[in-house]
Amino acid sequence: MATLYQHKIQEQLYMIGKTASQPFFSWSQEIDDVDPFHFFALGETCSFRQRFYWSDRSNETVYVGLGCTYSIETTGNEHRFHMVESEWKRFTEKVMTHHNGTEAAPLLFGGFSFDPLKRKTERWAHFPDAKLIVPAVLLSVKKGRMTLTITVPSQNHEQIIEKIGQLLTLLYNGQDSLMALSASCQTYEEMAKHEWISAVQKAIHDIREGELDKVVLAREARLWFDDRIEPSVVLQRLREQQPLSYLFAFEDKGNCFVGASPEQLVKREGMTCYSTCLAGSIRRGKTVKEDEQLGRWLLQDEKNLREHRFVVDMIKEAMMEVCENVRIPSEPQLLKMRDIQHLYTPVIGESRHAVSLFSLVERLHPTPALGGTPREKALKEIREIEPLDRGWYAAPIGWIDTAGNGEFAVAIRSGLLQGKEVSIFAGCGIVGDSEPLSEYEETRVKFKPMLSALGVEQDE
């Protein structure tokens with residue numbers, strides 16, 4: 001049955017290719033249920049060199065992409081958001097779609113670096129300042145309905161269609177469960193710890209001198225394992241352990257950036273725009289009583305409330321420039337994750353016109369929760385004193401469709417998998433009354449989601 005299904009799809013693709021009037025064509029069809037993690041894992045089995053995974057916080061929308069039919073990439077370009085938007089529009093005019101009764105269409109997925117002006121390191125060589133791809137094969141899951149979308153060139157597509165056929169055969173010839181994480185951590189090292197603490201001290205001094213109000217400083221820990229870390233296993237563990245987070249992965253030639261972020265940057269759905277203010281955090285309690293006490297303390301702590309207000313004010317201002325009827329609760333609430341709880345304020349606005357998603361991303365990135373305030377002064381401070389190249393950490397990652405709708409999360413609680421070596425990242429907001437050792441401990445808490453997904457327990 002699987003072989004007949006595979007051949008039927010391949011025949012349809014070959015026939016469409018013969019009559020296509022555009023450089024690319026896209027074909028979609030609803031399919032039987034498959035496990036998205038299994039689909040992602042098969043990408044490696046079938047030698048797709050690019051893979052991505054995305055699910056929203058409700059897990060009602062899931063996208064898994066394999067292969068790359070079209071890529072938009074730029075390095076060192078301060079106008080990268082506009083450039084990506086223009087290139088995406090050009091592509092949508094060059095593709096012929098066959099919906100087959102679905103609402104599916106090609107999707108663009110990828111991310112951006114935190115700061116295009118920051119000095120680059122070799123570690124992030126496969127993750128330039130902007131890189132977004134149209135996958136050859138896209139699995140879309142929306143409220144339980146599954147759709148397969150195949151997008152390929154109209155000419156010279158024989159090899160990729162054969163590879164897609166191989167994928168479909170494996171997909172419907174049994175879904176073996178993913179293997180457990182078998183690699184064992186041999187070495188764990190916190191990179192540039194003392195340099196980071198010194199940077200925090202300098203930031204506190206500069207804030208007290210009135211040079212800026214807040215700056216966010218990130219740091220890195222690096223792990224070496226006795227075997228390669230398989231991204232699909234890490235993704236599955238993150239979904240189990242962080243069920244209320246955005247789940248994302250972007251892999252290029254064996255280098256995979258993966259994480260589970262609680263933070264939405266922006267979502268566009270028709271004329272409605274959504275964003276999230278997430279700043280101010282504390283660990284979860286070991287008992288219900290302790291957890292409630294910690295949450296109440298966070299809701300009343302002046303330092304964390306001030307950090308949170310910086311983010312609310314900035315996002316409100318950015319949204320009001322393009323939206324009307326901007327709705328923001330007057331007080332933050334608690335967002336409780338497995339290891340940490342945050343101050344959280346949702347923002348919803350109705351746009352006056354069809355504002356582009358990429359222009360919203362550009363307006364909002366980085367929020368004071370990830371960069372600081374004032375924005376440009378904080379970015380300059382980070383460039384000068386932060387002892388690492390953030391790469392895509394704390395930057396926008398997400399998707400956009402051909403109608404201009406889409407969603408980007410902030411890529412925190414994340415790590416970069418490179419064979420047997422993994423880098424993980426965490427940051428915290430520095431204000432005038434910050435204490436360096438307290439901020440250091442906060443980053444240790446924020447390392448926990450990735451460490452747990454990697455099977456590494458961090459000492460209390």
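## Helix 5 and helix 11

The axes of helix 5 (residues 193-208) and helix 11 (residues 436-453) approach within 10 Å and cross at roughly 125 degrees. Helices here are DSSP runs (H or I, at least four residues) numbered from the N terminus; axes are lines fitted to C-alpha atoms over the stretch in contact, with angles from 0 to 180 degrees between N-to-C directions. Helix 5 and helix 11 are therefore oblique to each other, a class left over once angles under 35 (roughly parallel), over 145 (roughly antiparallel) and 65 to 115 degrees (roughly perpendicular) are set aside.

On the helix 5 side, the contact (heavy atoms within 4.5 Å) is made by Lys193, Trp196, Ile197, Val200, Gln201 and Ile204, and on the helix 11 side by Pro436, Leu437, Glu439, Tyr440 and Thr443.

## Basis of the model

The model is predicted: local features need pLDDT of at least 70 and side-chain atom pairs pLDDT 80 or more, while totals for chains, interfaces and linings use all residues. Residues are numbered from 1 along each chain as its sequence is written, and side-chain values use heavy atoms, without hydrogens and water.

## Helix 2

Eight of the ten residues of helix 2 (residues 36-45) are buried, meaning under 20% relative accessible area with a 1.4 Å probe, protein chains only. Among them are Phe37, His38, Phe39 and Phe40.

Just after helix 2, serine 47 has a positive phi of about 65 degrees.

## Asparagine 304

Asparagine 304, in helix 8 (residues 302-320), is buried at 5% relative accessible area. Beyond its neighbours within four places in sequence, asparagine 304 contacts residues including Trp297, Leu298 and Leu343.

Note on methods. Helices (H or I, at least four residues) and strands (E, at least two) are DSSP runs, numbered from the N terminus. Buried means under 20% relative accessible area, exposed over 50%, partly exposed in between (1.4 Å probe, protein chains only).
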